[in-house]
Amino acid sequence: MKITDVQAHYLRLPDIQARTDSSQDALIVQVDTDAGITGWGEGCPWGSTYLPAFGRGIRAGLDELGPQLIGQDPRMPDRINLVMDEALPSHPYVKSPVDIACWDILGQVAGLPVCDLLGGRHGGAVPLASSVSTGTPGEMLETVQAFRDQGYFVHSAKIGGRDTALDVARVRHLKVNEADGETIIYDLNRSWQPAEAIAVMNQVRDLDVCFEQPCESYEECLAVRRSTGHPISLDETIKAFSDLVRMHHDWAAEIVNIKIGRVGGLTRARQMRDFCLSAGIKMLIMETGGSVMADTAAAHLIQSTPERSRIASWDCAAMLSVVSAEGAVGRDGVFSAPDTPGLGATPIMDVLGDPVAVYE
Ligand code: MG
């Protein structure tokens, strides 16, 4: 089987709250083969301010990768990744949608859903983490309650800033009002300096709470980790397998948040997931951003992760007003990987529109 052409569909994904500055650029990649099988994958770096990545960067990178992919066998993801690495070192987020599309093709050829190819389906529906915006302690609890009413029992509460007393108040208020069986992760998104992190953590030393990515750099997070007994999750600083090995060697965190686009696709994310399983590291597994097609890829990887090691995924499509495909959609605070062969994400062509680039 050979790739005959690669097409790129550009999508602008408006935030459901219609904030003017919050649209996301996504690129949906279509990989066609001489067997008449088509694979799909989505890349969306969640704007240009979150990671060293941006939506138009995927399109530019695909100009380099696309011609090199023609004639390759898409059923061999490791070889496809080697071809992409030789054509364009690094730039993992550019390669991710191509890699996902190749897994989609492999699944269709095998007659198996991608989660079965990634190790096999574990358990039932996968919990989704809500995204609770920063606010006053009362506002944040109201948001948590609204998500509870929708069925969510895992929450990612966004805190952080220069006002450490306010952060202490937020953590205390949410913790004392936590429901039975509920998990709240306090996600800093890199916003503390070590002094702030240590100040807050010392003041909530009596509480069993977990903090995600407290500081900008790995070294800062490691310094904080060595000064606290709280469990730590690392997210943005874990970009590659080597970062994970270092994290484990330093025992810098007990939890890692694997975002598929950030690490370069399902092939690389699976390697990292398998390392975490062997090392006893719990995981959140999700996409960096994107619509239903992106969520569906994440659903397959976390669905194939044993329940004791998976904490939650994230329904990023729920924050957007564009529906790109039928696939894994969150409902009642959970979602499941489709059980049809391949990715099981059927694109809605009227939404995708004509391709903005074709490589053949
Ligand atoms: Mg995070």
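**View 1. Strand E6 and its burial in the predicted model.** Strand E6 (residues 154-158) is mostly covered, with five of its five residues buried, where buried denotes under 20% relative accessible area with a 1.4 Å probe and protein chains only. Val 154, Ser 156 and Lys 158 point one way from E6, whereas His 155 and Ala 157 point the other way. In a regular strand, side chains alternate between the two faces of the sheet. Strands, labelled E, are DSSP runs of at least two residues and helices, labelled H or I, of at least four, numbered from the N terminus. This is a predicted model, in which local features need pLDDT of at least 70 and side-chain atom pairs count only at pLDDT 80 or more, while totals for chains, interfaces and linings use all residues. Residues are numbered from 1 along each chain as its sequence is written, and side-chain values use heavy atoms, with hydrogens and water left out.

**View 2. Strand partners of E6.** E6 pairs in the parallel sense with strand E5 (residues 129-132) over four bridges and with E7 over five bridges, pairing requiring that DSSP finds at least two bridges between two strands. Ser 156 is the bridge partner of Ser 131, and Tyr 186 in E7 is that of Ala 157.

**View 3. The magnesium site.** The magnesium ion is coordinated by Asp 187 (OD), Glu 212 (OE) and Asp 235 (OD) at 2.0 to 2.5 Å; donors are N, O and S atoms within 2.8 Å of the metal (3.2 Å for Na, K and Ca), and the site may look incomplete because water is not among the atoms. Asp 187 lies in strand E7 (residues 183-187) and Glu 212 in strand E8 (residues 210-212), so the pair ties together parts that are 25 residues apart in sequence. Both Asp 187 and Glu 212 are buried.

Conventions. Buried means under 20% relative accessible area, exposed over 50%, partly exposed in between (1.4 Å probe, protein chains only).
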